[in-house]
Amino acid sequence: MFRNKAFRWILLLVGVAAIIALTGMNVYSLYDIRDRMAEGEKKRQISLIDDLVGNIRNEVYQPFRGLGRIELEPVERSIAKYGKFPNQVQQRINTAATSPIFNGIYYTPDGVDPCVQGAEIYSYNYEDQSLTLTDDYPSTVCDGVGLVRTKARIELNSGQYRWNHSVEFDAHRTMNIGLINLKEKRLIGYLTATFDQDYLLNDLVTPMIEEFNANTDGSVIWVLSWLNSEIIATNRPEIEYDRKIDGYSKSFGGSLFENWVIRIGFIDNPVASLYNNTLYKNLIVLGVAVLFLLGALIFMFYTAQKERALSQRQAGFLANVTHELKTPLAVMQAAGENISDGRVTEPERLKQYGNHIFNESIRLKQMIEKLLDVARTDSGQTLIKSSPHNLNTIVRDFLTTNREYIEAKGFKVSFNTTDSRTMIMIDPDTVETILSNLTENAIKYSTDTKDIRYSVGTDSNDVILKISDKGIGIDKKHIKNIFKKFYRVEDSLNAKTKGHGLGLSIVKSLVEMNGGNIEVSSEIEKGTTFTLRFPIFVSEEKTLNLKKNRIISTETFTDPAEHA
Ligand code: ADP
C-alpha cells in the first residue's frame with residue numbers, strides 16, 4: 001500500500017518535473033531564437049551600413065574613375081601649350097566639375113608651392129573648359145596639395161609606386177590627386193577638388209541615412225565628427241547620442257572624410273521590437289498549455305487519490321459488514337441451538353432466548369435493508385412514487401410510530417410546526433427512510449444532552465424540514481465529506497458507535513431523488529442541524545381551494561388538520 005502511494009507521488013513529481021523541464025526548454029529556445037534573430041538582424045543592418053558607406057565613396061570617386069588607365073605625360077605639355085587638359089583627362093575633370101559634390105577644381109604644377117601668395121595655381125572653368133591662373137583659391141588647396149605631395153613623394157622614393165596618380169583627402173574638405181609621369185617617375189602636378197560641404201551633408205549623407213531608416217527598426221544612425229565631438233547627421237534626432245549604446249562604427253575608408261565616423265546604435269535590440277510580440281504570444285500560448293497540462297495532471301492525481309480513498313473505505317466497509325452480519329447470526333445460532341437441543345426449558349430463559357433471536361434478527365434486517373438501499377440508489381433502481389403530500393403529516397406519523405423508541409433511549413423529542421397545508425411532491429416511504437436515518441444519527445452522536453428537535457416550516461419556494469440534536473457535532477473539516485459513501489469521522493466516539501458511513505449518503509440520494517436538497521450546520525459539542533428543502537408543489541392557499549372544490553382525491557391528499 002505504502003509503495004503504491006509513494007509510487008503515485010513519484011509519478012506526479014516526475015510528471016510535474018517533466019512539464020517544468022519542457023517549459024523551461026521551450027522558454028529558453030524562444031528567447032534563444034529571439035536572440036539569434038536579433039544577432040542576424042544586427043548583422044543585416046551592419047552590412048547595410050557598409051553598403052551605405054560604399055555608396056558614398058562611390059559617389060565621391062565616380063568622376064575620376066579610370067584615371068589610372070590614361071596616359072598623363074601629355075598633361076604638362078597640353079597645359080603649357082593650350083591652357084587645357086588633354087581630352088581624356090578633360091572628360092573626367094568635366095564630370096567632377098558638373099558633380100554637385102565638388103564646388104571648385106584647381107591645378108597646381110609640381111614645384112609650385114600653393115601656400116605662397118601669388119603662386120601659379122590654375123582654376124578650372126567648366127564654361128570654356130579652360131584653366132585660368134588665379135589668385136583667388138581657397139587655403140584648403142595649400143593643405144590638400146601638401147598632403148598628397150608628401151604621400152606621393154614618399155611612395156615614389158620608396159619605389160613602391162605603381163599607378164600614374166595618387167589620391168589623398170583632406171578630411172571632408174578636399175580631394176587631391178597627384179598626377180605622375182610614370183616613365184620619368186616624377187610628379188607632374190596636383191588636382192584639387194574642393195567639396196561642397198553643404199551638399200555633402202545635406203544632400204548626400206543625410207538623405208541616405210534617412211532612407212536607411214525605412215529598412216530598420218530599433219536602431220539609430222549617427223554621423224559623428226570626432227574632431228569637435230558633434231553629431232552632424234542622424235536619422236532619429238529625438239534620440240540623444242550615447243557611446244555606451246551597443247552599436248557598430250564604420251569609417252569612410254582611407255583618408256576620405258577621416259574626421260567622420262558613421263555609427264549605428266542598437267537602442268532596442270533591433271529585432272526585439274519586431275519579435276517581442278510574437279515572443280509574448282508564444283509565451284502566453286505556452287503558459288496556457290502548461291497550465292492545462294498541470295491542471296490535467298493534478299486532476300488525474302486527485303481523482304486517483306479519491307478513488308483510492310473510496311476503495312479503501314469500501315474494503316473497510318466489507319470487513320465491517322461481514323463482522324456485523326456474523327455477530328447477530330452467531331447470537332441467533334447459539335440461542336436457536338440451545339432451544340432446539342431442549343437444553344433450555346424454563347419459560348423465563350426461553351423468553352430471554354426468544355428475545356435475543358428477535359432483536360438480533362431486527363438488527364440483521366435493518367442492516368440488510370440499508371445495504372439494499374445503497375445498492376438500489378447506486379444502481380439508480382430506487383423507484384420514487386411521488387404524489388402530493390403534506391410533510392407535517394409524514395413527520396407526525398413518523399414520530400407517532402417512533403417517539404416511544406427515541407424516548408426510551410433517554411431523548412427529549414419536540415416537533416415544531418406551523419401546521420401549514422402546503423403540499424410537496426414526495427414519496428412518503430423514502431421520507432420515512434430519511435427520517436429514520438437522521439434520527440438514528442442524532443441518537444448515536446449525542447452524549448450528555450439528549451434532545452432531538454423536528455421542525456417543518458415554509459418559505460416562498462420550499463417546505464423546510466429541520467432535524468437538530470445537541471450532540472457531539474461535526475468538525476468543519478469533515479462536513480464536506482459526511483455525505484460521501486462509507487465516510488465516517490474517525491474519532492473516539494465514532495470508534496464506539498456502530499455504523500458504516502452509509503446513512504447520510506442514502507439520505508442525500510433520497511432527498512435529491514425527491515427533488516430536494518440537504519444541508520448541514522454543526523458546531524462541535526453544541527450539536528448538529530440537518531436542513532432539508534423540498535420545492536412547494538401546491539401552496540397552502542391553493543390546497544384549501546382545491547380541497548374545497550374536491551379536485552384532489554382523498555387518496556393522495558391527507559389533510560394534516562384532519563389527520564391530527
Ligand atoms: P454512520 O454509519 O457512520 O453513522 P453516516 O453516513 O450516517 O454514517 O454519517 C457519516 C458520519 O457523519 C458519521 O460517521 C458521523 O461522524 C457524522 N454524523 C452524522 N450525523 C451526525 C450527527 N447528528 N452528529 C454528529 N455527527 C454526525
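Q: Are H9 and H12 roughly parallel or roughly antiparallel to each other?
A: The axes of helix H9 (residues 428-444) and helix H12 (residues 503-513) cross at roughly 150°. Axes are lines fitted to C-alpha atoms, for helices over the stretch in contact, with angles from 0 to 180 degrees between N-to-C directions. Under 35 degrees is roughly parallel, over 145 roughly antiparallel, 65 to 115 roughly perpendicular, and the rest oblique. H9 and H12 are therefore roughly antiparallel.

Q: What pLDDT do local features need in this predicted model?
A: Residues are numbered from 1 along each chain as its sequence is written, and side-chain values use heavy atoms, without hydrogens or water. The model is predicted: totals for chains, interfaces and linings use all residues, side-chain atom pairs count only at pLDDT 80 or more, and local features need pLDDT of at least 70.

Q: Which residues touch the most other members of the largest nonpolar core?
A: A nonpolar core joins buried Ala, Val, Leu, Ile, Met, Phe, Trp, Tyr and Cys residues through side-chain atoms within 4.5 Å. Buried means under 20% relative accessible area, exposed over 50%, partly exposed in between (1.4 Å probe, protein chains only). The largest core has 48 residues, and the members touching the most others are Phe85, Tyr107 and Phe195.

Q: Which helix gives the largest share of this core?
A: Helices (H or I, at least four residues) and strands (E, at least two) are DSSP runs, numbered from the N terminus. The largest share is 7 residues, from helix H5 (residues 197-212).

Q: What is the relative accessible area of phenylalanine 257?
A: Phenylalanine 257 sits in the loop between strand S9 (247-251) and strand S10 (260-266). Its phi is positive, about 45°, although it is not a glycine. Phenylalanine 257 is buried, at a relative accessible area of 0%.

Q: Which residues does glycine 516 touch, not counting those up to four places away in sequence?
A: Glycine 516 lies in the loop between H12 and strand S16 (517-523). At 12% relative accessibility, glycine 516 counts as buried. It touches Val511, Arg533, Phe534 and Pro535.

Note on methods. Contact means heavy atoms within 4.5 Å.
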